[in-house]
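Dear colleague,

Please find below the structure that I am handing over to you. My notes on what was found in it follow directly after.

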Amino acid sequence: MTRGAGEPAVSARGLSFTYRMGAGAALDGVNLDLPRGSWGLLLGATGAGKTTLVRTLNRTIPRFHRGRLEGSLHVMGEPTSGAGVAEMAARVGVVFQDFENQLLSTSCLLEVAFALESRQVPSAEIAPRASALLGSVGLDGFEQRDPATLSGGERQRLVIAAVLALEAPLLVLDEPASDLDPSAREAIYRLAGSAPGRTVLLVEHDLEGVPCEGPGFLLSDGRVASSWPSVPAAGMVELSPALEAAGVRPPPCAALAARLQEAWPGRLPRPLPLDPEGMAAALRSAGWRLQEAPAPVSPARGAAVSRCEELTHAYPGASGGRPALDAVDLEILEGRVTAIVGANGSGKTTLARHLAGLLGPSSGRVLHRGEEVSRIPPPQRAARIGFVFQNPDHQIFAATAGQEAAFGPLNLGAAPAEARRRCDAALEAVGLLEKADCDPFVLTKGERQRLAVASVLACEPSMLVLDEPTTGLDLREQRRMMRLLRDLAAAGRTIVMVTHALWLLDEADRVVVLARGRVAAEGGPAEVLAGSALERSGLRRPDLALFASGWGALPRPLDAWAGALRPPEAGAGP
Amino acid sequence: MTGAGGLYAPSGSFLHRLNPSGKVVALGLWFTAVLAASSLGGLAALAAIPLGAAAAAGLTGVVRRFGRFAAVLFVVSVALWGLLSRDEAGMAKGAVVGARLAIMLVLGLLFLASTRVEEMTEGLRRLGVPYTAAFALTLSFRLLPVFLSAAGAITEAQEARGLQLRGGPLHTRLGRYVPLLVPLVLAGLRSATTLAPALESRGLGMKPGRTSLLESRWRGADGLSCAFALAAAAAALWS
């Protein structure tokens, strides 16, 4: 047993940190205790200090990120002061949010082997153990693949396997689900919690599908705004308003229960199970009714602006033999928001690139208003179809946000005054007009993402294709991005977005589900959420869709549920 | 999508199966031989070695990819020396230097195409180079694919906004590279600053020593390859 075996896995007292270049304290007197063997949650919106706290745990603060560190911090019973990062790696394994930057090997097997080699695991044991770890994150058979050829979600799982190889007693996952589909993320949680005695600290801003019975710490502006040692059954209902206020998304059923509790005090059945099917059954057997029939779903109609015909795409050199897209037939309707969903590696990004003409088909064709889109010369194409890449930092280069947004129109030959007008209109649409003179790199991730949208909008394309526009954004920013896309569609633009955020599907007009390079289903969001296509495609249906099934009703957004449920003997309205 | 931008060509040829430490030593000896050889005849004989090895290992594709570059190296060298000295001896000297550069380029390519970065690191470590130093020495080869894939993504993002790189006078064409270079340099800086903490977080330097997944047994072929290279170096040095 190591020293201090009875002490918490993490113990912080008055922990404060101010980045050398930072304006204020990123952490401001944090006190917390995470018991050993527990599954802890560190929650908060972007900028609350979550990642800063994680950095102090493995000593990358202050070793690599300079600034003023105060207070005391113990990890696995030992003080951290003076320890090096590599030394801490034996105690705490961290999967950082920017997982892309954590890959460094030429094959998946070597990537996972790196930590085993550092730990001096005997050479003969390394390959079987590394293979087993790859299998545990669902990457069986990926041993010889080059990490650079994996999809984003596969790469994220690879980093998780590489960190698990440290076998550290404390595992910290900083928003590990950001690039994972819901079923992959469930598998990661199971895996993280599987080692007996391991302590897990999960950093999150979205609790749907997250096990949250353990201790939790809600950060806000660098302070612990509230914390709880464990969540008793139904305790999440009481916590959920505070979570929402802090920019954290509570489990949807808990949030719904909280709304019902507020509208109908004392009328909820007790105990109320908080799993979707259980909660629906409990409400129904207590006599609750679904007041309004769901509004008849009008199937989204409109002219097809883009069309894929037998679209097949095979990447050269990709192993497995299966093409990334396999004879896809699809229509994109004008003026609508179309969401493309699917498990990691199902071909979502490839399809989006084809719709924008960035790739040429291996066979079949993609038409935009009757023209083959990959044959339209790039400048003309940019004026017709905009593509917003997943990483805004791959395109931002100008000194100010305004210049960044004006780049497109100037490229397309617009006169300076006209470029200025388009740039202002685009910045206004994304809510960044007042930041036109800011250096893009002082903007938040969400703002940079919106700037990337503005810089494409400024070319005034009639169709906009976005690859994961909400990844890495906190809830407020995600909602804001969705509202922006809805507004653009309302103004007549056609929107196609690739997304993992199934809870945002309510905001789409049409949903296309991809599975292994084929269209598994398409239709209105309620229809797709109610059907079995998501599950068949390896995705998990959102909690509120499962709740709807419990009522035999069509899925709808949270607030619509809150307004439509009535306790027994209640009238039409509260 | 650029995919893997590295030069490694996984094929399992006899060059791939050679011990990486032996390959590092042999490469050093071949470079010595090439640098010591001063006659075009000797260099022609030396050039036959990597070309033959490439053919035998099925790596002629890699050589062909850079063949034009090797030819340019040779021609530029001959032209430059000829221009500076304005006599035949100068041009002959230029031919020797150009041939040396071209042969070393091909030798290096064969090494990179048949050796994983990790094998290079491990090969150096087994020759007594400390692991962190060996890691640092081979780091640029690790980062090359990352850098190339970032460059690909950035080019694509700017072209999607209508950036045109071709056409127009030179000075405006250079200006058009600014939207590519700024994000690329920033991406490079970011990966440089995030790499060190990421490596240490993954346990680099956790213990004084390391074990290795890559077995590197010393076989007869490795002895032969080194002996052959040694003989060539000796012949070149004392001829």
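I begin with one helix. In helix 15 of chain A, the buried residues are Gly446(A), Glu447(A), Arg448(A), Gln449(A), Arg450(A), Leu451(A), Ala452(A), Val453(A), Ala454(A), Ser455(A), Val456(A) and Leu457(A). Here, buried means under 20% relative accessible area, exposed means over 50%, and partly exposed lies in between (1.4 Å probe, protein chains only). Helices (H or I, at least four residues) and strands (E, at least two) are DSSP runs, numbered from the N terminus.

Please note that this is a predicted model, in which local features need pLDDT of at least 70 and side-chain atom pairs count only at pLDDT 80 or more, while totals for chains, interfaces and linings use all residues. Residues are numbered from 1 along each chain as its sequence is written, chains are lettered from A and ligands numbered from 1 in the order in which they are written, and side-chain values use heavy atoms, with hydrogens and water left out.

Because 12 of its 13 residues are buried, helix 15 of chain A is largely enclosed by the rest of the structure. Its buried residues pack against strand 17 (385-388), helix 13 (401-411), helix 14 (416-429), strand 18 (463-467) and helix 16 (475-490) of chain A; contact means heavy atoms within 4.5 Å.

Val456(A) belongs to helix 15 (residues 445-457) of chain A. Why does Val456(A) count as buried? Its relative accessibility is 2%. Not counting residues up to four places away in sequence, Val456(A) touches Gly386(A), Phe387(A), Val388(A), Pro461(A), Leu464(A) and, in chain B, Arg161(B). Its C-alpha atom is separated by 9.0 Å from that of Ala383(A), 73 residues apart along the chain.

Chain A also holds an open sheet of 6 strands in the order 6-7-8-3-9-10, with mixed pairing. Two strands pair if DSSP finds at least two bridges between them. Strand 6 (92-95) and strand 10 (223-228) of chain A are the edge strands, each pairing on one side only. Strand 3 (residues 39-43) and strand 8 (residues 199-204) of chain A run parallel and are joined by 5 bridges. Within this pair, Leu42(A) has Val203(A) in strand 8 as its bridge partner. Helix 7 (residues 182-192) of chain A packs on the sheet, touching strand 3, strand 7 and strand 8 of chain A.

The largest nonpolar core has 81 residues, of which Leu256(A), Leu283(A), Phe547(A), Trp551(A), Trp561(A) and Leu565(A) touch the most other members. A nonpolar core is a set of buried Ala, Val, Leu, Ile, Met, Phe, Trp, Tyr and Cys residues joined through side-chain atoms within 4.5 Å. A second, separate core of 49 residues includes Ala436(A), Ala489(A), Ala501(A) and Val528(A).

Finally, chain B contains 11 helices and 0 strands. Buried residues make up 45% of its 239 residues. The C-alpha atoms of chain B fill a box of roughly 60 × 55 × 30 Å, taken along the principal axes.

With kind regards

Terms used. Axes fitted to C-alpha atoms, helices over the stretch in contact; angles between N-to-C directions.
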